[in-house]
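Here is a short report on one protein chain.

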Amino acid sequence: MAAGRTSKRQTAAYSRRSNPQSMYVYGNAVPKPEYTPEREPEKRRRDPQHTRRSRQIRQNQRKALKVNKGYVIFLTVAAVLALVICVNYVRLQSQITSRSRNITAMQEELADMKEENTTEYNTIMDSVNLEEVRNKAINELGMVYADKDQIVEYDNPNGDYVKQYEEIPDDGMLASSKDVQN
């Protein structure tokens with residue numbers, strides 16, 4: 001029974017702290033009690049220091065919300081610059097794409113021209129009969145094969161071409177094979 005007894009002071013303090021209508025809760029789910037916010041005391045609202053602080057806060061907020069002319073100009077210049085850069089980037093991408101298409105078209109045209117050239121060359125080479133040319137040169141034009149003493153061979157140790165420093169003589173012989181042997 002001693003555990004069930006409470007003093008008058010404890011009961012009075014409990015009744016002051018809580019709402020007397022919600023003293024007992026039945027069931028296993030305890031709801032949170034509803035709290036009502038306390039009103040600000042009258043003297044705090046009329047405190048001159050409090051009004052001065054809130055007026056200063058409002059002034060600081062107004063200053064923070066104001067936009068400086070220099071800042072607006074800076075933002076405008078930055079936006080225009082970004083726009084110009086974006087437009088130039090898109091223009092350059094467009095030029096690259098069009099040039100790429102042009103290069104592809106030219107490569108196709110070059111391949112077609114090479115194919116035509118090869119076809120024409122093969123046609124010309126097939127139409128020329130070297131035996132017929134030899135017969136015509138020997139029989140109709142009187143051409144004869146060169147003798148061994150008419151052939152001059154030259155070995156160039158430096159490369160595939162010869163530089164001519166002197167005029168070729170009228171007889172066509174620079175040196176005979178007999179001069180080279182001596």
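## Positive patch

In this predicted model, R55, R58, R62, K63 and K66 gather in a patch of positive charge on the surface. Lys and Arg count as positive, Asp and Glu as negative, and His and the chain ends are not counted. Patches are made of residues with over 30% relative accessible area and no salt bridge; like charges are joined within 9 Å. Each charge is placed at NZ of Lys, CZ of Arg, CG of Asp or CD of Glu.

R55 lies in helix α3 (residues 48-65). Its relative accessible area is 45%, so R55 is partly exposed. Buried means under 20% relative accessible area, exposed means over 50%, and partly exposed lies in between (1.4 Å probe, protein chains only).

## Negative patch

E108, E109, D112, E115, E116 and E120 form a negative surface patch. E115 sits in helix α4 (residues 69-127). E115 counts as exposed because its relative accessibility is 55%.

## Salt bridge

A search of the whole structure finds one salt bridge (a side-chain nitrogen of Lys or Arg within 4 Å of a carboxyl oxygen of Asp or Glu). R134 pairs with E131, and the closest N and O atoms are 3.0 Å apart. Side chains of opposite charge can pair when their charged atoms come close.

R134 and E131 are three residues apart in helix α5 (residues 130-140), so about one helical turn separates them. R134 is partly exposed at 35% relative accessible area. E131 is partly exposed too, at 42%.

## Fold and surface

The protein chain has six helices and zero strands. From the N terminus on, the elements run α-α-α-α-α-α. Helices (H or I, at least four residues) and strands (E, at least two) are DSSP runs, numbered from the N terminus.

Buried residues make up 1% of the 182 residues. The chain exposes about 19200 Å², and carbon and sulfur atoms supply 55% of that area. Accessible areas come from the Shrake-Rupley method with a 1.4 Å probe; for residues, only the protein chains shown count as cover.

## Confidence and basis

Mean pLDDT (the predictor's confidence in each residue, from 0 to 100) is 77 for the chain, and 64% of its residues reach 70 or more. Where pLDDT is low, the predicted coordinates should not be read in detail.

Local features need pLDDT of at least 70, side-chain atom pairs count only at pLDDT 80 or more, and totals for chains, interfaces and linings use all residues. Residues are numbered from 1 along each chain as its sequence is written, and side-chain values use heavy atoms, with hydrogens and water left out.

Definitions and conventions:
Patches are made of residues with over 30% relative accessible area and no salt bridge: like charges are joined within 9 Å, nonpolar side chains (Val, Leu, Ile, Met, Phe, Trp, Tyr) within 5 Å.
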